[in-house]
Amino acid sequence: MTTSAPTAHPVKLRRSLGLWAIVALGLGYMTPMTVFDTFGYVSDESGGVVPLAYLFALVVMLFTAISYGRMTRVYPSAGSAYTYASETIHPNVGFLVGWTALLDYLLLPLVNALLLRQYFEAFFPDISGWVWVGAYVALITLLNLWSITSTSRVNATLLVFQVVLILVFIGLAWGALNAGAGNGTPFSIEPLYHANVQIATVISAATIVCFSFIGFDAITMYTEEAKDANTVPKAIVLSLLIGGGLFFVAGWFTQSLFPSVEGLTEGTALPELAYSVGGMLFQILFVAAAVAAVAASSLASHASVSRMIYVMGRNGTGPISRRLSYVHPRFQTPAVAIVLVGIVSLFAAVADLDFVFSLINFGALIAFTVVNITVILHFAVRRREVKTGSQIVRNIVLPVIGVVLTVVLWLNISSDAMIYGLLWLSIGVIILLALTRLFRRPMRLSLEEDQVISTGDEGEDALLAEDRRRLDSNE
């Protein structure tokens, strides 16, 4: 295995993101307004306990978030699960993990463009969807090309707008509940538990809402643009907890106010919910916040997936890889990768939302499972850090729980997601065979960072340096 020197790419990504800028990008990716759009469907699927479904998904994601935080300290590269699997298991495995995760990351900007197309087609049915998609994707692509700093600022503004409207919704719901609507009180335990709750339906609903949490893991894509890469693990946990808190509280008040979803549209309940609690004016503002949420998610998801493509291109060979790993000398952004994501997003003009949604969770669950496994392999197997009770808990127990909980979600994904996800994975295997000439040529690794950040464990830095020297040698 041959590692290319970082000097092959003298233009690097600009380190300009602070802790809260990264947290905001993660929250923008997660799209807090999603809880309202999917409320009807999730309530029906969970048996009327939407906040419990979000709480279950949050617990699953929290174990995985801890694993992401630990691995990003070890390998501070923008490649996320792709890098961790490549370095810890094997570059071929890393490629397949990256390829599969790419399915999620690449489709989310397309989903956001598709949602925006539907919003505008509802208001202007005579104008072709291509017009809205083309203009919107061009704007998002240009903002991402300009700089990650400008992307972060616009994302933060849009995020604040939607959070303020969510808080207003909660306030209006509180007043309505105290006036006797819904359950008649905001303190009822019914949204979390009632006699008809079944664990199977809650898990099935959690599988759906785990899509809402995709975003905390994408934060690792900004590692090479963080002012201090040590802040990335903290940003991962903060974005997950803040986002999970918003989902849970909003879900609680919505479920309290609407214990029955009869009459609500499953896929687009948001306008109806807004009108019910605040009338026409609030409905207009709430829909505007939903559009802002889509735009914020577009900016964050477009930025993160372009970083993964950039890293995978940096690790490849040939003219295509060189193009994908190109960094604009003035803007210091992965320009070709950003444009490529924009081109894929244009298919939102003709794509079907149900089909795209069926593919989203497949790659994320693979990435989550593998990242938990890499913690075990790196710390427990390679480093043999299992000498104390604390080490056993951190290096075996917690990641194993993360794997088990993720597998539980795996067992509940739709058959369409499994079929099309496996088809995408098969294409990745074929590409891997071509790139490696039937495994006769090793995949190449190229970490942009030459130094490994301390994990705080005694002797860890020396062991990491030894691993890096081992990686730098040929197989």
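**Backbone, surface and interior**

User: Where does Thr31 lie?
Analyst: Thr31 sits in the loop that links helix H1 (19-30) and helix H2 (34-37). Please note that this is a predicted model.

User: What is the phi of Thr31?
Analyst: Thr31 has a positive phi of about 55°, although it is not a glycine. Most residues other than glycine have a negative phi.

User: Is Thr31 buried or exposed?
Analyst: Thr31 is buried, because its relative accessible area of 10% falls under the 20% limit.

User: And where is Arg384?
Analyst: Arg384 is placed in the loop between helix H14 (353-382) and H15. Its phi is also positive, near 55°, and Arg384 is not a glycine.

User: Is Arg384 buried or exposed?
Analyst: Arg384 counts as exposed, since its relative accessibility is 60% and the cut-off for that class is over 50%.

User: Let us turn to the surface. Which residues form the nonpolar patch?
Analyst: The patch is made up of Val386, Ile392, Val393, Ile396, Val397, Val400, Ile401 and Val404. Together they have about 520 Å² of accessible area.

User: Which helix holds Ile392?
Analyst: Ile392 belongs to helix H15, which covers residues 389-410. With a relative accessible area of 35%, Ile392 is partly exposed.

User: What lines the largest cavity?
Analyst: Its lining consists of Pro109, Ala113, Tyr136, Val137, Ile140, Ser298, His302 and Ser345. By class, five are nonpolar, three are polar and none is charged.

User: Which helix gives the most to that lining?
Analyst: H7 gives the most, with three residues. Helix H6 (91-123), helix H7 (129-146) and helix H11 (270-314) each supply at least two.

User: Changing topic, what about Ala85?
Analyst: Ala85 lies in helix H5, residues 81-88. Ala85 is buried, with a relative accessible area of 0%.

User: Lastly, where is Asn230?
Analyst: Asn230 is in the loop between helix H9 (199-213) and helix H10 (231-257). At 29% relative accessibility, Asn230 is partly exposed.

Terms used
Residues are numbered from 1 along each chain as its sequence is written. This is a predicted model: local features need pLDDT of at least 70, side-chain atom pairs count only at pLDDT 80 or more; totals for chains, interfaces and linings use all residues. Side-chain values use heavy atoms; hydrogens and water are left out. Patches are made of residues with over 30% relative accessible area and no salt bridge: like charges are joined within 9 Å, nonpolar side chains (Val, Leu, Ile, Met, Phe, Trp, Tyr) within 5 Å. Accessible areas come from the Shrake-Rupley method with a 1.4 Å probe; for residues, only the protein chains shown count as cover. A salt bridge is a side-chain nitrogen of Lys or Arg within 4 Å of a carboxyl oxygen of Asp or Glu. Helices (H or I, at least four residues) and strands (E, at least two) are DSSP runs, numbered from the N terminus. Buried means under 20% relative accessible area, exposed over 50%, partly exposed in between (1.4 Å probe, protein chains only). On a 1 Å grid over the protein atoms alone, a cavity is a set of points where a 1.4 Å probe fits but cannot get out, and a pocket is an open set with protein on both sides within 12 Å along at least five of seven lines; lining residues have an atom within 4 Å of a point. Ala, Val, Leu, Ile, Met, Phe, Trp, Tyr, Cys and Pro count as nonpolar, Asp, Glu, Lys and Arg as charged, and the others, Gly among them, as polar.
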